[in-house]
Every structure is written in C-alpha cells, then in structure tokens.
Amino acid sequence: MTSFDSSPTLSAWRAVLALAVVFVMLATTGWTAVRRQHADAPREIAFAAWARDRIAGHALPATDAPAYRLARFFATLTARQQVALADKYPLVVGNMNGAPVMLRYRANRHALSRAEREERRRTTDGRLSPDGRHQALLRLERFRSLLAKDRQILAFDPSGRGRVAEVFGDLDRAERVSVVVPGVDTNLLTLERTGHKRNAAPVGMARSLYGAEREALPGARTAVIAWADYTAPAGLGVDAALGGLAANGAVRLNALLGALPGASAVSLFCHSYGSVLCGLAARGLPDRVSDIAVAGSPGMRADSAAGLDTRARVWAMRDSGDWIEDVPNMEVGGLGHGADPVDPEFGARIVSADGAIGHSGYFEPGTESLSNFAAIGVGAYDTVSCASTDRACHREIPEDARA
C-alpha cells in the first residue's frame, strides 16, 4: 500500500462511497437478497427413500449424523452392501462425509450419469425457452466433462446452481492435503474453463496447485481438492458484501475437513470471497489444519489474525494489480468483511504474489504466488518468498511442522 491509499481522508471517503453503493443495492434488490436454493425433486426423493430404507434388517443412519458415526456404519457393511447403497442412493452416498472416498467417487459417477441423461432430455424439451434449452446444453457439457474416466468427484449436487468437489491425487494415502476454496460466481457452470482463463476457475486452480506441489517436493504424497461445494454469491451484489453465504459455506467446509481420511496435515487456499468463508471457518477448524493462505481477500471477518482464534498459520498475498485493493476494508452492520489481511497490522505472514496478474492470476504457473502456495502446501516453509512488507514471513515455524 502507498501512503495515499492509507490516508484518513481517502479512507473516510471510500467508506462513505461503499455505504452508498451498498444502500443502492439494498434499495434495488431488497434486504432478503439471499435466495434459498431449492433442491430438485430427485434429490428430495432420494433422501426420503434413504430415511425409510433398511439394510440387513437395520435402519440406515440419518444423513446428517456426525461423520465418525457414518464412517462406523459403513465399516460394518460388506463391500457388496456398500456398493449396493452407493448405486441405489448416489446423491446421498456421494455427498456423505464419513463414507469411504472411493465409494463416494463411484456414487457420484452414477449421479452424474443420471444427471447427464436428464439434461440431455431437457435440451430438446419444447416446453423450455430457448435460453432454458441453452442452459441445459451447458449443464450437459459440464456433466459429460465431469464423467471423464480419470476424474475423482468427491461431492456432486446438481440442484440450484450446482455444487461440486473434485480431488487430484490419492486422498486416502496423502500425507498433505490442500483445499482450494474459490470465491464469487462459483457454480457448476464456472467450475472449469478453457484457454487462458482455465487457472482462474476452481478446477484449474486445484490442478495447477497439485502440479506445483509435486514439483516443489517430488515424491511427496499430496492431494488437492477443488472445493466448489458451497453456494457462493452470484456477482458483486449484496450477497458478496454480506457474510451469510460464507457462514453457511464455513459449516460445510468444516464438515468436510472433519471427515477427511487419514491423519494428513491440511492447508486451505482461499481466494477472494473464499477467504471470507475461511475466516469464518477458522474458529472451528480441526487441529490437522496447519495453514490458511488467502489471496485477493476483501477481509476475513476478523480484526486480526489472532482474532481468527485458530492454531493454523495465516498467510496472505495480494497482487499489485488486484482491484480488490480498492474495496474498503470495513464492517458496518454486517456489511463488509473487516480488516485487510495484507496490512502488516493484521498479523498474517505476508508473502509475495509477484507474477500474478490481477485478481484471478494467483494460480498461474511461473508466478511466485503459485510457488508460494505450493511451498506452504507441502510444508517447505523455508522456500516461501516473503513480501517486502514482511521479510520474515516464515519465522518461528517448528521443525516438526516442516515437510
């Protein structure tokens, strides 16, 4: 930041401008801007049928039971019984924290196949508008892409705007797991992109990080999750200025983290609004989460890194050309997301983002932002490049925490 950016007069005017913009949005969209995403009929039917069903004479557990109970339930089943449940209830088992990872992959392939058939039918449904049939075609293309032979889909819900989580690497055997938490406009159709924007989408971010981690520490057993399994704000409207969707996402994130297999160390890589979610999740993170790294953050809903109340190390970066720098760091009546994580007074470890281009370029190969993320993900903290405002960002990290 320059001294001009931090001048009291400018900060005051930016705050006033931000409030004015927020109130205009509220006037045009209403205070109840967060619209609930209603589940599609197939999902409702599946969950209702699961609740009534039995296996080997015993009732099936509640789908919202703690992950450890669900894991214990699946451990009591034979392999044939597990497969039978996954094939019969793919939308249930495929999204069930506590179910074996490989079983979830199988269930989600079935769920995707069913969704693909339904969307193919909708593309020729004359009752839909032309735009409706076009949206069906886009969803059909996404389902077909996700059904590619080697893809590992950990979560899949086609209802509403859609939610997905994909794994790169062997999650069951990984010694270190990284979770990429994306921001605004994350949904089924924006999950992946092609061309020069591919590394700005959740799947591209995770795939790029996975490759960089393998380069940073060859032979390491790592896995990366592209976690687009929450309802993100659509555009830079009121939802993006509020924390409601982030709070709901934080619950979902902690549920996933608490159910990951093994005892691997976990690092979170949170981009843009995803950093708001990670900030709200911080207090409830499992102890195995060693690091939270944020990029292009509008704030983490805390006044300081200490205010996150987490044992995890907090890292922050921002490219000099990122427009998020011009968003006022404030919180008034629930609007805004609080202090700037790259402000030295916040107390995060500030790392270099050299090479990243703007708000969406942090996961581009060849950038210091990506190499720093990879170093954090594999525990090679000594190789992290600090920002000029924090020359000792890898200070005081015990040896037993390193790769």
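User: In this predicted model, how far apart are the sulfur atoms of Cys-270 and Cys-278?
Analyst: A disulfide requires a pair of cysteine sulfur atoms within 2.5 Å. Cys-270 and Cys-278 form such a disulfide, and the separation of their sulfur atoms is 2.1 Å.

User: Is the disulfide of Cys-270 and Cys-278 left-handed or right-handed?
Analyst: The handedness follows from the torsion about the S-S bond, which for Cys-270 and Cys-278 is about -90°. Because of that torsion, the disulfide is left-handed.

User: Is Cys-278 buried or exposed?
Analyst: A residue counts as buried when its relative accessible area is under 20%. Its bonded partner Cys-270 has a relative accessible area of 1% and is buried. For Cys-278 the relative accessibility is 0%, so this cysteine also counts as buried.

User: Which cysteine does a disulfide join to Cys-386?
Analyst: Cys-386 has a relative accessible area of 15% and is therefore buried, and its partner in the disulfide has an S to S distance of 2.2 Å from it. The torsion about this S-S bond is about -85°, so the disulfide is left-handed. The partner is buried with a relative accessible area of 0%, and it is Cys-393.

User: What pattern do the disulfides of the protein chain follow?
Analyst: The count comes to two disulfides, one formed by Cys-270 and Cys-278 and one joining Cys-386 to Cys-393. With bonded cysteines counted along the chain, the pattern is 1-2, 3-4.

Methods. Residues numbered from 1 in each chain as written. Predicted model: local features only at pLDDT ≥ 70, side-chain atom pairs only at ≥ 80, totals over all residues. Heavy atoms only, no water. Buried < 20%, exposed > 50% of the residue type's maximum accessible area, 1.4 Å probe, protein only.
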